Amino acid sequence: MKRETMQKVKPFVVLCLVLALFLVTFGVNPAEAKFPAKNMTFIIPVSPGGGFDTFARMLVPYLQKYLPGNPNIIVSNVPGGEWNIGITKMYRSKPDGNTFGILNWPANALSQVLGTAKFDLTKITWLGNISEVTYVMCVSPQSKYKTLQELQKAPEVTSGVVGLASTAGLGTVIAAQRLGINMKPIPHDGSTEAILSAMRGDVDWVQYPLATLKKTIVDSKDLIPLWIYSKKRSPILPDVPTVVELGYGDLVDLVTMYRPVGAPPGLPDDVRKIWQDAFWKATNDPEFQKKMIAANEPAMPMTPEETTRLISQGIEMVTKYKDLIQKYMK
Amino acid sequence: MFESAIPALIEMITWPAPLYLFLGVVLGMAFGILPGLGGPQVLALLLPITYGMDVDLAIVLLIGAMAAVPFGGSIPAILINTPGTGQSAATCFDGFPLAQQGKAGMAIGASATASCLGAIFGAVVLTFLLPIGRQVVLLFSYPEYFMLALMGLSVIIVVSKDSLWKGLIAAILGLMLSTIGYDPVTGSVRFTFGSDHLWDGIRLVPAFIGLFAIGEAIELFLKKGKIAQVEYSGKISDVFTGIKSVFQYFGLFFRCSIIGTVIGIIPGVGGAVSNFIAYGHALQSSKDSDNFGKGDIRGVIAPEAANNSKDGGALVPTLIFGIPGSIEMAVLLGALIVLGLEPGPRMMLERPETVLILIYVLVAGNILVSIFGLFSAGIMVKLTYVPATLLAPVVFMLALMGSYLTHGMIFDVVVSLIFGILAFAMKRFGFSRVAVVIALVLGRLAQKTFHQTLMLWGVKGFFVRPISLGLFIITLAMILFPYIQAALRKKRGA
């Protein structure tokens, strides 16, 4: 009799223990108000791999170096919902300076402009910017259209894009409209697949960061670069005209990607000052800059004021194209 | 490139490279075993450690870890029906029934051997394909991707031979679930019920964990007893039977390695698909397929060969174009760039030694992890003899932890629990969980590539390209073959 009850009780006890353990592990929320805490969280709203993750992780040791007390910075990938889950998580975290995150600009303006965001980007405490990414427009060697004029006259040009909520996708749609090209976006899961599609000749047009496309256009010449979205010609592609030379200078700001870093709104002034100071020093660290150059993407530090301006201007720019974007998203 | 073969080999066996290999493999195996953690996570973890390290040593560490993940993931798939990574999901189908029959040792033996040889196969193909790889990669476009997805979906018919209707109902459920989230064509979100978390659709790992591990844990709670339904014999000769079985079915192993390598080469199809297609191939090509799903060793060999040979394949686009073929490869590519390498056409010419070291390490890592696996099989098997009331809570814990760990989100835990209940109900009423998994994995790929093809070429796009047409015919033949066979048998009988 007793043994029977024991056996009946046992699984129940085990279950209770498991539940208790859950409560303990999930319930504990270190409410550390001090800054900098021993452990800080760096939210990256995308999966590991790719530029944002790579460069954010690259910056971590330098942030540790310049923040007082050399805190541990724990990188936390919070992917999903086209960056929205990660940004919301950062936005809603405690404004004690111990949680901060990286954003994809101007792509992340989209959800705010379309009214689906649960955050206000202008309220984020901006710490600075890591780098700036120049885009290059390429056509497939198999494409019938190889100049801007031909593209403008073409009945339909296909373009390999990765969703509209990416800087590349948004930029392609806006650039096509501005340049007067009748473009049909063909969606892909990643830039990889879109670039391969252009190499096979399945789509005519792709535009991605110069660093990503360098090996495809410079080293193996699998794609033909037509123009770059930058004010100056690139030393890597001295013969490729800039979009400014073609007379569409306003596209530079729309099709350049930035990697700004921010903390939740309402950071106390003293914390904000320490943070912005450390961030500036970290992004200007010669060793960090050397690493960025080696990775084909020179660092582009921006002061917090410059970053804040970049954000408000970006939102304004994207708002102008709201109707166009909605048309494509249906 | 081949003139660097010997110097690269010497570099790889020079101290401290073997130490790094060992560390990488141990870590990779551990990440593989823990459900929810896998290749991308272990590489991301190692990434900061490699900054400032010697390039070749860093590669030894990273690739060693990457190589060990697939086999690591198969161990819990066999022992407790919980795939450690998405790539090992198909190993559950027959691996776990074997464990229930007390033959976990045999399954681990076969898995280790098929994994190891599969990886070697993939690496050999990679080595010889590098000079001509670019043509191969560029041969595959959307219609071919679609046909591959279709081929995978056709496997559902075979796995649901008990009741075709129930199989189809399960498959439709899976396909419906796969439409949740972003519409791959318009970019608008569907069926998310206002939750941000569903924007990317149902994540595969939490779904797998729910369907297999949690479903199983509930079952264990109710049934009590042990996983293995026989007495513990203590003999480890089973492991050798497993090793031998790979050679016994060497043709199957070989074909599945080819399947894995080819699917690995195609960027964007991914490792999660290769094991299903290989499993389906094993089923369809076997004359006596009645035992599949109930513990047929061939059902272990096929996916294991494919999911390890695919890594060699996935390195082809990564090395040739500098374009990652999978998420692991994307992280690896990031790591290589930080180390100052530029994978792509130039690296092949400028640093052939590094490329070869990479390939050698892939092979060495796989051999090492298989050896670990074979030696520890005897101990691991004992897990299936632990009383269910003790094991089930642990499985439950590990499963929920695993679904949380993949992305650090409680929402995924909820997904796992819902799928767990679903799995339990499905098992009770004889619906195939495998069909749901296959449809869930392939539904999105099929849908996306179907629309891409239509947008660019219209319906004829599927049938005017030789590889696409060929794959379509093979799929048709695979579906119809059993019926033709049955008809012939009937005729002969009459």
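Trainee: Which residue with a positive phi follows α3(B)?
Mentor: That is Gly52(B), with phi near 80°. Helices here are DSSP runs of H or I with at least four residues, and strands are E runs of at least two, numbered from the N terminus. Keep in mind that this is a predicted model, where local features need pLDDT of at least 70, side-chain atom pairs count only at pLDDT 80 or more, and totals for chains, interfaces and linings use all residues. Residues are numbered from 1 along each chain as its sequence is written, while chains are lettered from A and ligands numbered from 1 in the order in which they are written.

Trainee: How many residues does each chain bring to the contact between A and B?
Mentor: Chain A brings 43 residues and chain B brings 43 residues, with contact meaning C-beta atoms, placed from the backbone, within 7 Å. On the chain B side, α15(B) gives the most, with six residues. That side has 24 nonpolar, 14 polar and five charged residues. Nonpolar covers Ala, Val, Leu, Ile, Met, Phe, Trp, Tyr, Cys and Pro, charged covers Asp, Glu, Lys and Arg, and the others, Gly among them, are polar.

Trainee: Switching topic: at what angle do α1(B) and α17(B) cross?
Mentor: Roughly 60°, and their axes come within 9 Å. Axes are lines fitted to C-alpha atoms over the stretch in contact, with angles from 0 to 180 degrees between N-to-C directions.

Trainee: Which residues of α1(B) meet α17(B)?
Mentor: Ala5(B), Pro7(B), Ala8(B), Leu9(B), Glu11(B) and Met12(B) do.

Trainee: Last one: why does Val133(A) count as buried?
Mentor: Because it has 24 C-beta neighbours inside 10 Å. Val133(A) lies in strand β4 (residues 125-139) of chain A, and beyond four places away in sequence Val133(A) touches Pro209(A), Thr256(A), Met257(A) and Glu297(A).

Definitions and conventions
A residue is buried if 20 or more other C-beta atoms lie within 10 Å of its own, exposed if 12 or fewer, and partly exposed in between; C-beta atoms are placed from the backbone. Two residues are in contact if their C-beta atoms, placed from the backbone, lie within 7 Å.
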